Amino acid sequence: MRPVNRGPLPTDASGNEINFKKYGDARGKLIERLGETCSYCEMHLDSSLAVEHVKPKKPEGSDENILERELDWYNFLLACVNCNSTKGKKDVIPDDYFWPDKDNTFRAFTYSEGGIITPYAELSVELQDKAKATIELTGLNKRPLNDPKASDRRWINRREVWDIAILARERLSRNDNDVFREQIVDTMTGHAYWSIWMTVFHDDPDMLQRFIKALAGTATDCFDEDGMALQRPGGQV
Ligand SMILES: [Zn+2]
């Protein structure tokens, strides 16, 4: 899960902070800041990408929307319909999970062959439990098997992108040059799933740096100059 910086509350042309009247009005600014991908599964944006409330605007058992959550810039991320609907209205306790705007979520999970996401095994048991809870909260462990009509295509997409990234790495090893490296960055941008590319190219610091710089909103302070993931200041990982 790509760690992101949403940045401060956006301002208008006169430099005044924007008070969003409806949360949907923040969508454009969020895309500008965070790029066109789901903040959780990293699926590429389509028209269904929605403003996601980290703390749900109308949690289970609540009769009406909680205004300070509904319109709070710092409670917004972007989510695809699958992540959004899996997470649903569960009234989360933020500290029980990892969040891409607070933690270095790239350190929390391991991406492996076949697009599988698991808690990073080097974490403490407590942190692995939080990683597991985060995977379950967003449904990143869902694997609809042998169902070509499955509406949740996150795992299938990850599996495909994993193979594309492996192929790109093999081709690069045969024909390594700057132009091809840039082409791989373009391919990554087109297919999304940034964390998979960061994993497949984990031993290529130059490619890691290119991926880290390629997308809007990536929390660059979560990585050192070799592209290695660092503990996020103030984060749990
Ligand atoms: Zn998603």
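This is a predicted model: local features need pLDDT of at least 70, side-chain atom pairs count only at pLDDT 80 or more; totals for chains, interfaces and linings use all residues.
Asp101 counts as buried because its relative accessibility is 11% (buried is under 20% relative accessible area, exposed over 50%, partly exposed in between, with a 1.4 Å probe and protein chains only).

Residues are numbered from 1 along each chain as its sequence is written, and side-chain values use heavy atoms, leaving out hydrogens and water.

The count comes to 13 salt bridges, including these:

| Pair | N to O distance |
|---|---|
| Arg181 and Asp206 | 2.8 Å |
| Glu182 and Arg210 | 2.6 Å |

Arg181, Asp206, Glu182 and Arg210 are among the residues linked in a network of salt bridges, along with Asp176, Asp178 and Asp204. Arg181 is buried at 10%, whereas Asp206 is partly exposed at 33%.

Now for the metal. Cys38, Cys41, Cys80 and Cys83 coordinate the zinc ion through their SG atoms at 2.3 Å (donors are N, O and S atoms within 2.8 Å of the metal, or 3.2 Å for Na, K and Ca; water is not among the atoms, so sites may look incomplete). The donor spacing in sequence is C-x2-C-x38-C-x2-C. Cys41 is buried at 3% relative accessibility, and Cys83 is buried at 0%.

Note on methods. A salt bridge is a side-chain nitrogen of Lys or Arg within 4 Å of a carboxyl oxygen of Asp or Glu.
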